[in-house]
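Reader: I would like to learn how to read the strands and the cores of a protein model, one feature at a time. Could we begin with a strand and its partners?

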Amino acid sequence: MPKINVLSKNVAELIAAGEVVERPASVVKELVENSIDAGACSITVEIKGGGILFLRITDNGCGIEREDVPTAFLRHATSKIKNEIDLNAIGTLGFRGEALCAVAGVSRVEMLTCTENSISGTRYVIEGGEQLAFEDAGCPKGTTIIVRDIFYNVPARMKFLKKDVTEGNAVAAIMERIALSHPEISFRFIRDSKSVFVTKGDGNLKNAVYSVLGREFASNLIEVNGETDGIKVKGLVSKPINCRTSRSGQFFFLNSRFVKSGTVTAALEQAYKNTIMVGKFPCAVLNVSVPFGSVDVNVHPAKTEVRFSDERAVFNAVYYSVKNAITFSDTRPEATFKSSAVNPFARMTAQEYKQTANVGANTKPRSFEYVPPTKKEETSFTLSDVIKAQQQTVKIEMPEIRVEGQAEAAPEPPIVLEKAEVQNTAVNKAEAPETKIAEETKSQKEVRYIGEALKTYIIAECENEVYLIDKHAAHERINYERLKSTEEIAVQALLTPVAVTLPSDDYILITENGDKISEAGFEIEDFGNNSVLVTAIPQMLTGLDVQTLVFDLAESLSETKTAVLPAQERIFHTVACKAAIKAGYNTSAYELERLASRVINDDSIMYCPHGRPVAIRLTKNEIEKQFGRIQ
């Protein structure tokens with residue numbers, strides 16, 4: 001058996017350093033968090049060579065007393081914890097007391113620090129864990145730490161570092177997260193002598209997002225501000241129309257500390273269910289504030305993974321706060337024109353007009369883009385508001401819509417549309433807190449039907465605004481809400497049952513999900529030999545090909561294996577889509593007028609179940625700008 005050896009202090013410290021210092025980004029994270037804990041309101045981070053060769057963190061915090069400087073570089077030395085009781089309520093970012101020791105063990109470190117009452121500052125130099133200088137120095141209040149040549153004494157770790165660009169990008173990502181988590185602090189990030197971003201430090205999260213993530217990201221956000229059972233959720237989330245194809249735009253913070261939490265992620269995406277397209281993910285910058293004793297932040301050495309004492313409470317707080325925001329603050333997308341070098345609506349000289357006329361046949365039409373709607377008055381809602389609003393019943397008469405050339409179905413009764421209670425796989429509906437809210441009555445807007453474009457888009461006018469409405473998407477959303485809110489769906493029995501033979505996989509999906517399919521208004525029996533017998537279908541689907549409907553159901557169920565939505569939701573999507581009027585079909589002006597009035601007067605009809613917008617609006621001001629009536 002090999003002999004057991006006790007490692008020397010130097011080797012032990014190098015191993016311990018590896019737990020904290022993985023790359024330059026790790027060093028930046030630890031040192032900047034120390035600056036934040038020191039009460040700094042201005043922090044500057046500068047790196048060169050990806051942070052491997054040089055990085056400097058300067059802050060205007062409280063500084064370190066001269067006699068405490070050497071102690072700060074010892075293992076497990078900290079000013080933030082005194083005994084085991086303090087571990088139950090950690091309220092600072094750095095507390096393990098080994099960051100400085102770990103950094104100094106694998107690099108060359110120089111510190112300049114000065115407290116407010118000190119006559120002079122202190123300069124301390126330590127390389128590879130060995131003290132080289134400890135002397136007086138002139139420096140402003142605060143602390144400056146310079147780290148050079150990371151892993152210079154550990155070649156095995158050095159060779160695993162990436163290229164300077166990659167390491168620099170990792171540092172930039174860390175700085176972005178920290179700047180977003182503390183909008184009250186002014187951060188400056190300098191990379192290879194070039195300023196990357198500077199935040200104002202005025203406490204306005206949107207300003208910090210603008211500085212760090214850019215104007216386009218910041219211009220499409222909705223404010224979130226909610227509280228449930230002592231858990232506060234504040235921040236910004238994207239509008240459903242501005243979601244992304246990945247989760248790269250999601251930033252979550254727990255008590256102003258960046259974390260990765262499956263609970264928070266699931267709650268956020270559940271709040272957007274049925275308002276965004278499949279495969280899209282919302283953007284968010286959210287800070288969840290919980291009592292310090294209800295979360296364990298020491299699960300992971302980098303403290304990015306946490307454990308909650310009550311996962312359900314955190315899920316509820318995030319879910320309802322975000323749902324509140326997108327329910328009450330989102331507005332319809334507004335259409336505008338892209339600016340171009342040549343404005344065909346501008347005044348022209350005679351010569352310019354002749355030139356335009358000569359090349360008119362080759363001129364490309366101007367393009368449209370969605371832009372954020374005008375900012376509405378910000379209103380704060382609580383959890384009780386959204387729950388009550390979802391439970392109130394609104395009776396609206398559904399327009400009778402038929403497609404010319406198809407068999408007419410029996411007239412349907414008026415819709416009784418209940419604001420569907422939000423489904424939540426992680427939360428029991430019966431456990432939702434009781435709430436009260438004053439019901440508001442909304443007067444119907446006067447809508448003037450203008451016409452239909454391309455047999456698809458309804459053109460209507462209301463209050464100095466012109467609306468373009470996708471008739472299929474609008475009718476699909478109405479059908480979907482009806483399916484969700486109606487306890488008993490009207491069923492049409494077939495005079496002659498239809499036998500449908502399916503592939504093996506589809507046959508299994510249909511037979512195994514018979515109860516979910518039955519809830520959508522279908523009556524399907526197992527007929528054996530990969531066949532099913534359809535005896536009834538939802539009344540709204542009367543006249544459609546039964547075999548095609550069954551195949552569509554099987555396809556929707558197969559997609560649930562990789563999709564976020566549950567099987568029942570996807571079945572409702574399929575039924576609503578098939579029952580809706582189709583783009584390109586002839587529809588009477590009366591039906592289109594009633595549909596336009598329903599959409600414009602009901603703000604809940606904003607997106608189809610697949611997340612596409614139902615309508616866009618053009619304001620009178622925007623139209624008059626294009627015709628040169630106003631500047």
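**A strand and its partners**

Author: Leu 286, in strand β13, is the bridge partner of Gly 235. This is a predicted model, in which local features need pLDDT of at least 70 and side-chain atom pairs count only at pLDDT 80 or more, while totals for chains, interfaces and linings use all residues. Residues are numbered from 1 along each chain as its sequence is written, and side-chain values use heavy atoms, with hydrogens and water left out.

Reader: Which strands pair with β13, and in what sense?

Author: Two strands pair if DSSP finds at least two bridges between them; strands are DSSP runs of E with at least two residues, helices are runs of H or I with at least four, and both are numbered from the N terminus. Here β10 (residues 231-238) pairs with β13 in the antiparallel sense over six bridges, whereas β11 (residues 250-254) runs parallel to β13 and is joined to it by five bridges.

Reader: Why is β13 (residues 284-289) described as largely enclosed?

Author: Buried means under 20% relative accessible area, exposed over 50%, and partly exposed in between, with a 1.4 Å probe and protein chains only. Five of the six residues of β13 are buried, so the rest of the structure largely encloses this strand.

Reader: Which residues have the most contacts inside the largest nonpolar core?

Author: A nonpolar core is a set of buried Ala, Val, Leu, Ile, Met, Phe, Trp, Tyr and Cys residues joined through side-chain atoms within 4.5 Å. In the largest, with 55 residues, they are Val 32 and Phe 187.
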